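Hello,

I am passing on the structure we talked about. Please look at it before you read my notes.

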Amino acid sequence: MRAVQIQQYGGTDTLKLENIVAPKINDDDILVLVKSASVNPVDWKIREGYLQTFIPYDMPLTLGWDVSGVVAEVGSKVTKFKVGDEVFSRPAINRNGSYAEYIAVKEDEAEFKSPKLNFSQAAALPLAGITAWQCLVDVADVKAGDRVLIHAGAGGVGHLAIQIAKAKGATVISTASKANQALLVELGTDQAVDYTAAPLSEQIQPVDIVIDTMGGDVQQQSWGLLKPDGILVSVVDQPDEEVAKAHYARGAFVFIDPSSRILRELNSLVENDELTPLIEHHFTLETVVEAHLQSQSGRTRGKIVIDVAES
Ligand SMILES: NC(=O)c1ccc[n+]([C@@H]2O[C@H](COP(=O)([O-])OP(=O)(O)OC[C@H]3O[C@@H](n4cnc5c(N)ncnc54)[C@H](OP(=O)(O)O)[C@@H]3O)[C@@H](O)[C@H]2O)c1
């Protein structure tokens with residue numbers, strides 16, 4: 001099968017389209033014929049070697065940890081799926097990924113694809129959608145009426161977080177550059193904030209929840225925007241407990257776990273027309289280098305999808 005692999009950590013020149021043997025499945029795996037994969041910043045962070053102390057990989061490594069496709073084979077212990085089922089998944093990050101014609105995925109990391117999503121949309125949803133849900137619902141316990149600040153609302157995690165927070169009845173404030181203000185409003189944001197126009201403290205009234213997708217200086221500025229007892233949930237930098245205490249607030253860090261439970265929650269929102277992944281960038285296995293350069297630009301709107309096979 002065709003797969004985009006790296007033989008060692010490094011720049012985009014390490015990404016090579018190879019012909020390799022299709023993965024063998026374990027008893028609790030399904031083999032998925034990949035229709036689409038999506039690109040997340042973690043893909044190029046892993047390629048560059050930033051996560052190598054955290055997740056030790058054997059080389060060669062197939063990148064890509066979002067997938068949609070059709071079940072091609074089931075392991076002997078699999079009960080939920082059969083050959084031909086349409087599925088999507090954020091598979092385990094310590095195994096070979098989805099920039100390939102086939103991927104082995106654990107049964108409990110996959111879910112049936114909603115018929116409302118095409119394969120590109122289904123591949124765009126798992127990693128960013130599960131992350132947004134874990135931050136907002138599992139950790140911050142968002143409730144109707146909460147004021148929620150979502151940084152980088154035009155990006156992969158942010159554009160889904162806006163829609164999930166709105167579906168939960170929150171008032172959403174979100175940040176983007178001037179060029180993406182209209183997109184924030186289209187996504188349902190109640191107050192779109194141009195972070196280049198003035199300091200955030202001059203533009204944003206106190207909030208109950210901050211979803212921090214930027215870290216660094218953006219996280220530091222965000223503490224002063226929280227109400228007492230508010231919570232800042234970061235997916236980038238571990239919040240400092242002392243700083244949180246000094247602001248009478250709480251901090252939390254989320255690193256996504258694969259979750260078919262949350263995939264089912266996301267499917268429900270999709271079926272209620274409350275959640276639609278936005279895809280502004282389509283690539284193929286032949287053009288993964290350009291897809292990584294797009295992700296690394298930091299200017300991606302919505303999601304980047306690699307269309308592997310015709311739908
Ligand atoms: N811990 C986890 O489990 C986890 C899971 C998913 C993602 N992440 C991390 O979360 C981060 C975001 O991921 P992503 O997929 O959403 O990235 P992304 O799609 O690449 O984000 C791009 C967006 O960031 C916006 N942006 C850049 N600088 C900004 C700023 N100063 N303020 C507000 N918006 C800004 C851009 O909008 P403008 O062009 O308008 O500025 C662009 O739309 C990455 O570092 C990723 O690795 C972590």
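Predicted model: local features only at pLDDT ≥ 70, side-chain atom pairs only at ≥ 80, totals over all residues.

Residues are numbered from 1 along each chain as its sequence is written, and side-chain values use heavy atoms, without hydrogens and water.

The domain assignment, automatic or from a database, gives domain 1 (2–125 + 277–307) and domain 2 (128–253). Their centres, taken over C-alpha atoms, are 28 Å apart. Domain 1 puts 11 residues into the contact and domain 2 puts in 12; contact means heavy atoms within 4.5 Å.

About 810 Å² is buried between domain 1 and domain 2, with 52% coming from carbon and sulfur atoms. Buried area is the accessible area (1.4 Å probe) that two parts lose on being put together, summed over both. On the domain 1 side, Leu125, Leu278 and Arg301 lose the most area, together 47% of what that side buries.

Leu127 lies in helix α3 (residues 126–139); helices here are DSSP runs (H or I, at least four residues), numbered from the N terminus. Leu127 is buried, at 9% relative accessible area, where buried means under 20% (1.4 Å probe, protein chains only). Beyond its neighbours within four places in sequence, Leu127 contacts residues including Trp65, Arg90 and Ile256.

Regards

How values were computed. Helix = DSSP H or I, 4+ residues; strand = E, 2+ residues; numbered from the N terminus. Buried < 20%, exposed > 50% of the residue type's maximum accessible area, 1.4 Å probe, protein only.
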